[in-house]
Amino acid sequence: MPTRRTHKKSRHGCKACKARRVKCDEIRPVCGNCSQREEPCEYVTDASYIWAVDEPPVQRTRRRRRPRQQDKEDVSYIPGSPFRLLDTLGGAQPSTPLNPALDITQLKLLVNWQHETCQYFSRDTETRIVWQIYLVEEALKIPSLMHGILALSALHLALSEPTQDQASWLELATAHKGQALQALREGLSCVTSDNARALMGLSALVVAYAFGAALTEVSDVDRPSLEALNNVFVLCRGVQQITSQSYSFLRQSNFAPLFTPGTPAVEVPDHVKQSLDHLDRLNSELLHQGDHDAATYAHVISAMSGLSGHAFAQPNSMTIVAGWAIRVSPEYLAYLQDKEPFALVVHAHYCAFLHLARGNCFLQYWGRSVLRDIVGLLDESWKPHIAWPIEEVFGEDTFYTPMST
């Protein structure tokens with residue numbers, strides 16, 4: 001016997017549907033059956049069944065579902081500390097045998113460079129950005145330049161931190177310097193637009209390193225002297241060689257501020273101007289007294305006068321110290337090597353500017369040491385021409401008094 005299909009009873013149907021015992025669709029005001037029969041439709045209840053409630057719904061307590069295994073693998077399900085999310089990040093990447101240990105010493109050297117050491121090379125905000133930011137960006141691409149930065153930073157710490165730490169910093173500075181110099185020697189033979197900024201920056205670092213390293217020497221032979229200064233000037237020729245080969249490129253690069261010294265806002269004191277003017281006049285007078293290369297001397301005196309303002313605007317900067325050394329010609333260096341009196345007189349003025357920058361940790365007593373050598377080489381007839389350098393370095397109360405370093 002076929003099973004009778006059950007259906008939901010209509011408890012709120014109209015009277016006509018109830019009388020006929022048929023299911024009423026309860027549409028109001030006229031249900032579907034009465035509308036089809038065109039008969040009057042009357043309901044007993046006032047509300048439709050869909051709004052009528054026979055009994056309140058049963059409130060069921062929702063059971064807490066236990067997390068499934070796939071839930072635990074889903075990054076959206078991280079019970080406990082929110083930092084546990086970090087444990088899942090990158091978990092699908094293949095593991096590599098990398099050592100994540102930090103070299104704290106090298107990080108300290110780099111931070112020291114960007115916070116302290118680079119200031120000795122800067123003359124204004126623009127040049128500070130070059131040494132602090134752009135040079136480091138270049139070093140991240142060229143390891144030899146990074147070695148140069150770390151070498152000079154280590155030497156800076158050796159010269160400024162307590163004596164008991166000096167040996168370890170010097171050892172580290174020497175190791176990095178060796179790596180940097182090898183690349184510099186190889187690069188000088190082929191200067192291109194790709195390596196010009198790195199080589200120029202590295203050669204400048206080497207010049208500063210030569211000044212600073214002499215201050216750490218135990219033997220008097222290797223300490224600051226006229227002969228040692230001549231060697232530094234030879235190193236400066238390397239900077240000049242690089243800039244001359246790539247000048248147009250460097251002037252258009254982010255290193256351009258280094259090549260536009262400008263005019264400092266600080267005025268050069270009158271007595272310094274007078275001493276430099278005296279060099280000019282003396283150069284002209286010597287032209288009439290025999291074989292005198294007035295053109296070479298005029299060039300170096302003009303370069304010194306042009307940079308002199310930086311010695312008073314930024315006393316601890318190497319702007320005039322390194323800038324003038326780069327600008328002097330090989331002919332002038334030859335006259336200096338031969339110890340020609342006028343070359344020594346010009347160099348004495350440079351010693352005065354070295355002394356003004358003695359707050360620079362890489363320079364300190366360089367000016368005093370070299371000027372003492374120069375005074376010892378000049379006879380009495382030349383000493384009046386170096387009155388300002390002697391007064392600047394050794395003081396107002398004495399014409400010249402030997403001083404220990």
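**Rings, a cavity and a pocket**

Colleague: Tryptophan 388: buried or exposed?

Modeller: Tryptophan 388 is buried, at 6% relative accessible area. Buried is under 20%, exposed over 50%, partly exposed in between, with a 1.4 Å probe and protein chains only.

Colleague: What sort of model is it, and which residues count?

Modeller: Predicted: local features need pLDDT of at least 70, side-chain atom pairs need 80 or more, and totals for chains, interfaces and linings use all residues. Numbering starts from 1 along each chain as its sequence is written, and side-chain values use heavy atoms, with hydrogens and water left out.

Colleague: How many aromatic pairs turn up?

Modeller: The whole structure gives 13 aromatic pairs. Tyrosine 297 and tyrosine 332 make an edge-to-face one, with centres 6.2 Å apart and planes at 90°. (Phe, Tyr and Trp rings, six-membered for Trp, pair with centres within 6.5 Å; planes under 30 degrees apart are stacked, over 60 edge-to-face, the rest tilted.)

Colleague: Where do those two tyrosines sit?

Modeller: Tyrosine 297 is in helix α13 (residues 294–307) and tyrosine 332 in helix α16 (residues 330–337), so that pair links distant parts of the chain, 35 residues apart. Helices here are DSSP runs of H or I, at least four residues, numbered from the N terminus.

Colleague: And their burial? What's the relative accessible area of tyrosine 297?

Modeller: Tyrosine 297 comes out at 0%, so it counts as buried. Tyrosine 332 is buried too, at 0%.

Colleague: Back to tryptophan 388. What is its pairing with phenylalanine 353?

Modeller: Their ring centres are 5.4 Å apart and the planes meet at 65°, so that pair is edge-to-face. Phenylalanine 353 belongs to helix α17 (residues 341–356), tryptophan 388 to helix α19 (residues 387–394), so the pair ties together parts 35 residues apart in sequence. Phenylalanine 353 is buried, at 1%.

Colleague: Which residues do ring pairs link into a cluster?

Modeller: The cluster holds Phe233, Tyr297, Trp324, Tyr332, Tyr335, Phe342 and Tyr350.

Colleague: New topic. How many cavities of 30 Å³ or more?

Modeller: There is 1. (On a 1 Å grid over protein atoms alone, a cavity is a set of points where a 1.4 Å probe fits but cannot get out; a pocket is an open set with protein on both sides within 12 Å along at least five of seven lines; lining residues have an atom within 4 Å of a point.) The largest cavity holds about 60 Å³.

Colleague: What lines the largest cavity?

Modeller: Gly148, Ala151, Leu152, Lys177, Ala180, Leu181, Leu202, Leu205, Val206 and Tyr209. Two or more residues each come from α7 (143–160), α8 (166–188) and α9 (196–214). The biggest giver is α9, with 4 residues.

Colleague: How much space is in the largest pocket?

Modeller: About 560 Å³. Among its 21 lining residues, Leu258, Phe259, Gly323, Ile326 and Arg327 are closest to the centre. (A volume is the space filled by probe spheres on the points, which are joined across faces, edges and corners.)

Colleague: Which element gives the most to that pocket's lining?

Modeller: α15 does, with 5 residues. At least two residues each come from α9, α10 (226–245) and α15 (319–327).

Colleague: And where is phenylalanine 259?

Modeller: Phenylalanine 259 is in the loop between α11 (247–252) and α12 (270–286). Its relative accessible area is 17%, so it is buried.

Colleague: How far is phenylalanine 259 from glycine 323?

Modeller: 9.8 Å in space, C-alpha to C-alpha, and 64 residues in sequence.
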